[in-house]
Amino acid sequence: MKVISIANQKGGCGKTTTAINLSACLAFKGRKVLLIDMDPQAHSTIGLNINTNESGNSVYAALCEFEGKKVALGDVTVQISEGFDFIPANMHLSTFEQKLSMMPGREKRLKEAIEELHQNYDYTLIDCPPSLGLLTFNSLMASNEVLIPIDMGFFSLHGTGQLLEIIELVRNKTGHEIAVKALATMYDRRTRIAKEILEDIRDHFKGSTLKTVINLNVKLKEAASYGKSILDYDRKSQGYKDYLELAGEVLDGNRLFGYLQPAEQKAPSLIPNHVKKELVLRAPHAKSVKIAGSFNNWTPTNDYLMDQTEDGQWSKVLSLAPGEYQYKFVIDDEIWVEDEGNYRVKIDPYYGKNSVLVVS
Ligand SMILES: Nc1ncnc2c1ncn2[C@@H]1O[C@H](COP(=O)(O)OP(=O)(O)OP(=O)(O)O)[C@@H](O)[C@H]1O
Ligand SMILES: [Mg+2]
């Protein structure tokens with residue numbers, strides 16, 4: 001079984017559209033396919049018209065306990081069509097990161113859950129959320145391949161270096177090769193700018209850009225709003241042709257422009273420069289203070305221990321790639337607090353607020 005994560009932390013670049021339609025087209029070509037929705041937004045689930053209300057019947061219940069019960073992935077599988085099975089998500093999945101933040105082996109939950117399905121499918125596709133947190137990390141850990149949809153916007157390549165760094169980290173952790181493929185999406189062939197951006201993508205991802213290009217096609221949007229794949233919605237559309245061609249290319253690796261070797265993927269232009277940021281906290285009664293955030297999968301290890309600079313003052317310099325991060329301070333290994341000196345906050349789905357750090 002080949003496991004392919006469809007990942008890019010940039011929102012709205014075509015991950016879900018690709019996950020649904022590539023799965024449907026691979027199944028149409030006679031392969032047994034499983035699609036897993038790993039996004040708390042549950043767009044694949046909604047886009048396939050599956051009821052999202054019950055956490056007990058979602059991927060969440062197979063990764064964490066829900067109401068005291070943990071189930072096997074196979075038990076939450078729904079059949080969409082001949083050869084195409086699906087595992088839904090719902091909003092509960094957003095609590096996954098914090099629920100598992102202190103648990104050993106948290107980054108391998110999905111990999112372990114998928115292993116029991118090895119005999120049942122030729123392909124498992126994973127629709128990742130638009131973030132690089134524990135859900136995406138779990139997906140990458142389970143994958144042999146990562147497909148990165150890139151839309152034709154000005155900033156589309158921004159942030160892909162950070163994703164490649166994480167893929168490299170996962171490669172080192174799992175010890176197995178993870179192939180990376182970039183897929184150009186929402187291509188408007190009438191515009192010159194789209195052609196230029198496509199050239200940029202091919203330049204950046206050199207030999208690992210897929211030959212198939214997914215054109216801008218309103219039928220793909222319509223299909224999702226009717227809860228259908230493009231295969232079931234409109235077989236005359238350009239979107240159908242493109243995704244069928246993509247399925248052919250995925251099945252026939254030789255038609256790729258070529259795989260990149262890991263060493264080439266570390267080309268300097270893809271790895272953004274890290275920037276140093278200092279975080280400080282006044283906590284006179286604390287015995288220790290660590291930092292947990294989206295940059296370390298919410299795991300306050302000793303690498304993120306702050307130094308006590310003067311009486312009651314704690315500080316730590318972090319070296320981070322450009323991007324937006326959320327974090328909290330962890331006092332005495334048990335009390336999680338936001339950074340009161342930082343006015344940028346986001347609602348923490350689990351409790352309170354997370355502080356936001358923007359590195360540019
Ligand atoms: N080739 C296309 N042509 C026209 N519309 C498209 C195309 N691909 C995707 N869309 C539309 O663009 C929007 C974003 O696409 P999609 O949901 O697949 O992105 P995503 O990367 O999964 O987003 P998120 O990061 O929020 O999960 C959707 O409304 C979708 O229907
Ligand atoms: Mg999506």
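Let me start with confidence: the protein chain averages a pLDDT of 88, and 93% of the residues score at least 70, where pLDDT is the predictor's confidence in each residue, from 0 to 100. What we have is a predicted model, in which local features need pLDDT of at least 70, side-chain atom pairs count only at pLDDT 80 or more, and totals for chains, interfaces and linings use all residues. Residues are numbered from 1 along each chain as its sequence is written, while chains are lettered from A and ligands numbered from 1 in the order in which they are written.

Among the elements of the chain, the highest mean pLDDT, 98, belongs to strand β2 (residues 33-37), and the lowest, 35, to helix α12 (residues 262-265); helices (H or I, at least four residues) and strands (E, at least two) are DSSP runs, numbered from the N terminus. Over residues 254-271 the pLDDT is below 50, and this stretch has 30 contacts in the model beyond near neighbours in sequence, a contact being two residues whose C-beta atoms, placed from the backbone, lie within 7 Å.

Turning to ligand 1, which residues come nearest? Of the 20 residues around ligand 1, they are K15, T16, T17, P130 and K221, a residue being near if its C-beta atom, placed from the backbone, lies within 6 Å of the molecule. By type, the shell divides into eight nonpolar, nine polar and three charged residues, with Ala, Val, Leu, Ile, Met, Phe, Trp, Tyr, Cys and Pro counted as nonpolar, Asp, Glu, Lys and Arg as charged, and the others, Gly among them, as polar.

Next, the sheet: three strands form an open, antiparallel sheet in the order β8-β11-β10, where two strands pair if DSSP finds at least two bridges between them. At the edges, β8 (275-282) and β10 (307-310) each pair on one side only. The pairing of β8 with β11 (residues 313-320) is antiparallel and runs over eight bridges, and V275 has L320 in β11 as its bridge partner.

Finally, consider E97, which lies in helix α4 (residues 96-99). Is E97 buried or exposed? E97 counts as buried because it has 25 C-beta neighbours inside 10 Å, the cut-offs being 20 or more other C-beta atoms for buried, 12 or fewer for exposed, and partly exposed in between, with C-beta atoms placed from the backbone. Leaving aside neighbours within four places in sequence, E97 is in contact with G133, L134, L135 and W298.
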